[in-house]
Amino acid sequence: MRNIVIVGAGAAGLAAAETLRREGYDGTLTLVGQEPSLPYDRPPLSKQILAGQWEPERITLRAPDSFAALDLDWRPGRPATQLDTVNKGVILADATQVPYDGLVIATGVRARPLPGTGAHVLRTLDDALALRRCLAPGRRLVIVGAGFLGSEAAAVARSLGCEVTLLEPTPVPLAHAVGPEVGQLLAQAHFDHGVDVRTGVTVTETRPDGVYLAGGELVPADAVLVAIGSTPNTQWLIGSGLDVHDGVACDRYGEAAPTVYAAGDVAHWYNPLFDASMRIEHRTSAAEQGMTVARNLMRPESRKPFPSVPYFWSHQYDLRIQAYGHLRGHSEMAIVEGNLTERRFVAAYRKDDRVVGALAIGMPPKVIRQWRQAIADRATWQDAVLSTTVTTKG
Amino acid sequence: MHVQLDQPKCVAAGQCVVAAPDVFDQRDDDGVAILLTAHPGRHLYDEVREAVAVCPAAAIALVEQ
Ligand SMILES: Cc1cc2nc3c(=O)[nH]c(=O)nc-3n(C[C@H](O)[C@H](O)[C@H](O)COP(=O)(O)OP(=O)(O)OC[C@H]3O[C@@H](n4cnc5c(N)ncnc54)[C@H](O)[C@@H]3O)c2cc1C
Ligand code: SF4
């Protein structure tokens, strides 16, 4: 292989580029990025960047000299607009065609909008800086969506003295992912910090001065943040023959078509550990998958599957949340270490007869790693949990 | 070569400890990474490079000289 093209210059794309070079690939390596900046990290956008604690330079993923050492054909600020899998070329917005014999698709996702105008989203550095400019003591921020992103933004906005309203359509925020008990605990943290959490409400339209609810009520705001999930960036792949129903469909190795791989938030892959296909928007998976596809492209004869136990963290107020595994669709949850009242615990999640996930708040790393292992080992609920604890239906 | 660890950036994911157990550990209370050595032997460079690549906070750098 002499012409490898990576489309998308985020964590996954950069990890793929670095790994190819580290593994000795010395052909042309093209990195196409829609954004004009050097690859940067997204998790701090809803944390230190939004809080104004860090300046933007701090989140650049690699120092300019390390980035230059990768000897890339770097094409910033030019999105790919089309993929031609027959003639093996990527077409960019400036109409140039970049030929490839190996391709990595790492274009991530974009924020899902709501009908209306004037609302902020939080996906890029520019988004974060624009929202940050609106946050000041006494300003009213309405956040639509109490997922991890909306919750982190709420915590930061409170710390800056804003009046925050958090609107959520479901009865308990995040219950589908973490279960009602842990969801309730996270909601309580918002109450304790003076956030007006309103559940079971549907927002129909955003405006610069507030949002309309399904019943017609206007919730007034000085700024509105919509954090209701995301859509994979696959518009440029329409017509390429790839399956882009929900992200780029690929196998357990990240392969979508011969010599075409996908990695990161955009990849929809089959995870044999949970016998499920999944698309994961986690920072660690993005880097791991980028590394894996790089190696699989270079050494097709000894391909390795994507790492199978997803890992996610989130920081809200003084809560440091860490989660392993695939919690969505669990049938039962049990507290296996510590307790909910002290907000120091490990919760285990069950599906069928197995442990499929674990979520920890405020626990030492060694305790959590043990549960990661149980998930990787396909431990049964009986062996890992039942002998020791009281469980609750989830 | 020496290893730099930007502790305030660390999110306690523990990926570095898995990749290079002779170079990194985690504090018991909050899981923030600590350097066991800033000057690992040459035979550990590959492991450290792996840690640099997997760290989800870009908190680790391997600096020449
Ligand atoms: C505010 C925020 C907070 C987060 N917090 C956490 C957290 O605490 N913990 C955690 O585990 N995860 C977190 N995440 C998720 C994590 O950041 C993502 O999983 C990770 O960034 C995914 O990396 P990626 O490379 O797949 O995608 P991205 O980082 O989205 O990179 C994709 C890149 O491709 C570019 N692109 C898109 N289309 C094209 C095109 N057609 N041509 C060329 N380039 C294109 C995009 O502009 C982008 O730069 C957070 C995400 C956000 C937005
Ligand atoms: S991998 Fe990075 S974020 Fe995780 S513990 Fe190590 S230094 Fe910290």
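**Domain arrangement, ligand shell and chain interface**

In this predicted model, the centres of domain 1 of chain A and domain 3 of chain A, taken over C-alpha atoms, are 32 Å apart. The domain assignment of chain A, which is automatic or from a database, gives domain 1 (3-110 + 230-302), domain 2 (113-226) and domain 3 (318-393). Domain 1 of chain A puts 4 residues into the contact (heavy atoms within 4.5 Å) and domain 3 of chain A puts in 7 residues. About 470 Å² is buried between domain 1 of chain A and domain 3 of chain A, with 68% given by carbon and sulfur atoms; buried area is the accessible area (1.4 Å probe) that two parts lose on being put together, summed over both. On the side of domain 1 of chain A, the most area is lost to domain 3 of chain A by Leu273(A), Phe274(A) and Met278(A), which together make up 87% of what that side buries.

Residues are numbered from 1 along each chain as its sequence is written, and chains are lettered from A and ligands numbered from 1 in the order in which they are written. Local features need pLDDT of at least 70 and side-chain atom pairs count only at pLDDT 80 or more, whereas totals for chains, interfaces and linings use all residues; side-chain values use heavy atoms, with hydrogens and water left out.

Both domain 1 (3-110 + 230-302) and domain 2 (113-226) of chain A give residues to the shell around ligand 1, so the ligand lies between them. There are 34 residues around ligand 1, and those that come nearest are Arg42(A), Lys47(A), Ala80(A), Arg123(A) and Asp265(A) (a heavy atom within 4 Å). The shell consists of 16 nonpolar, 10 polar and 8 charged residues, with Gly counted as polar. At least two shell residues come from each of α1 (11-22), α5 (148-159), α8 (283-298) and β22 (311-316) of chain A; these are DSSP runs, helices (H or I) having at least four residues and strands (E) at least two.

Polar contacts are pairs of N or O atoms within 3.5 Å. For Asp265(A), a polar side-chain atom is 2.7 Å from an oxygen atom of ligand 1. A polar backbone atom of Ala80(A) lies 2.8 Å from a nitrogen atom of ligand 1, and a backbone N or O atom of Trp313(A) is 2.9 Å from an oxygen atom of ligand 1. Ligand 1 taken alone exposes 1,000 Å², of which the protein buries 95% (Shrake-Rupley method, 1.4 Å probe).

Between the chains, 24 residues of chain A contact 24 residues of chain B. Chain A and chain B bury about 1,900 Å² between them, 47% of it on carbon and sulfur atoms. Arg22(A), Arg58(A) and Pro365(A) account for 24% of the area that chain A buries against chain B, more than any other three residues.

Methods: Polar contact = N/O pair within 3.5 Å; in protein donor to acceptor, adjacent residues only side chain to side chain.
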